[in-house]
Amino acid sequence: MTDPKELLRSALLAAAESTGRRRERDGKRFNQQRRQLLERLDRHGPINKLSSWQQLLTDVDAVAT
């Protein structure tokens, strides 16, 4: 199985279409980009259909209570 974070990192770099030093800089911004994606995520949208998302919510709820 592919590492999900690496897959996301690769997708973000490909979408940026940057090269050279700019690509290096963009690669170093991964944590910031990932945080922004999560902040903008529609938690009530299609993601609710993913079993992994549902499991995450269940796990967080179990820890929080």
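A salt bridge, as the term is used on this tour, is a side-chain nitrogen of Lys or Arg within 4 Å of a carboxyl oxygen of Asp or Glu. The model on your screen is predicted, so local features need pLDDT of at least 70 and side-chain atom pairs count only at pLDDT 80 or more, whereas totals for chains, interfaces and linings use all residues. Residues are numbered from 1 along each chain as its sequence is written, and side-chain values use heavy atoms, with hydrogens and water left out.

**The whole chain**

Begin with a cartoon view, in which the protein shows 4 helices and 0 strands, following the pattern α-α-α-α along the sequence; helices (H or I, at least four residues) and strands (E, at least two) are DSSP runs, numbered from the N terminus. The C-alpha trace spans about 45 × 25 × 20 Å along its principal axes.

Switch to a surface next: the accessible surface comes to about 5800 Å², of which 54% belongs to carbon and sulfur atoms, with areas from the Shrake-Rupley method and a 1.4 Å probe, only the protein chains shown counting as cover for residues. Buried residues make up 12% of the 65 residues, where buried means under 20% relative accessible area, exposed over 50%, and partly exposed in between (1.4 Å probe, protein chains only).

**Two salt bridges**

How many salt bridges does a search of the whole structure find? The search finds 2. For one of them, select Arg 9 and Glu 6, whose closest N and O atoms are 3.2 Å apart. Arg 9 and Glu 6 are separated by about one helical turn because they stand 3 residues apart in helix H1 (residues 4–16). Arg 9 is partly exposed at 28% relative accessible area, and Glu 6 is likewise partly exposed, at 39%.

Then select Arg 35 and Glu 39, whose side chains meet in a salt bridge at 3.9 Å, N to O. Both residues lie in helix H3 (residues 30–40), 4 residues apart, which is about one turn of the helix. Arg 35 counts as partly exposed at 46% relative accessibility, while Glu 39 is exposed, with a relative accessible area of 55%.

Move to Asp 26, which has its place in helix H2 (residues 20–28). Side chains of opposite charge can pair when their charged atoms come close. Asp 26, however, is buried yet has no salt bridge, and the nearest side chain of opposite charge, Arg 29, is 4.0 Å away. Which residues is Asp 26 in contact with, leaving aside its neighbours within four places in sequence? They are Leu 13, Ala 16, Ser 18 and Gln 33, contact meaning heavy atoms within 4.5 Å.

Not counting residues up to four places away in sequence, Gln 33 touches Leu 12 and Asp 26. Finish at Gln 32, also placed in helix H3, which is partly exposed at 32% relative accessible area. From Gln 32, draw a C-alpha to C-alpha distance to Ser 52: the two are 20 residues apart in sequence and 22 Å apart in space.

Methods
Lys, Arg positive; Asp, Glu negative; His and termini not counted.
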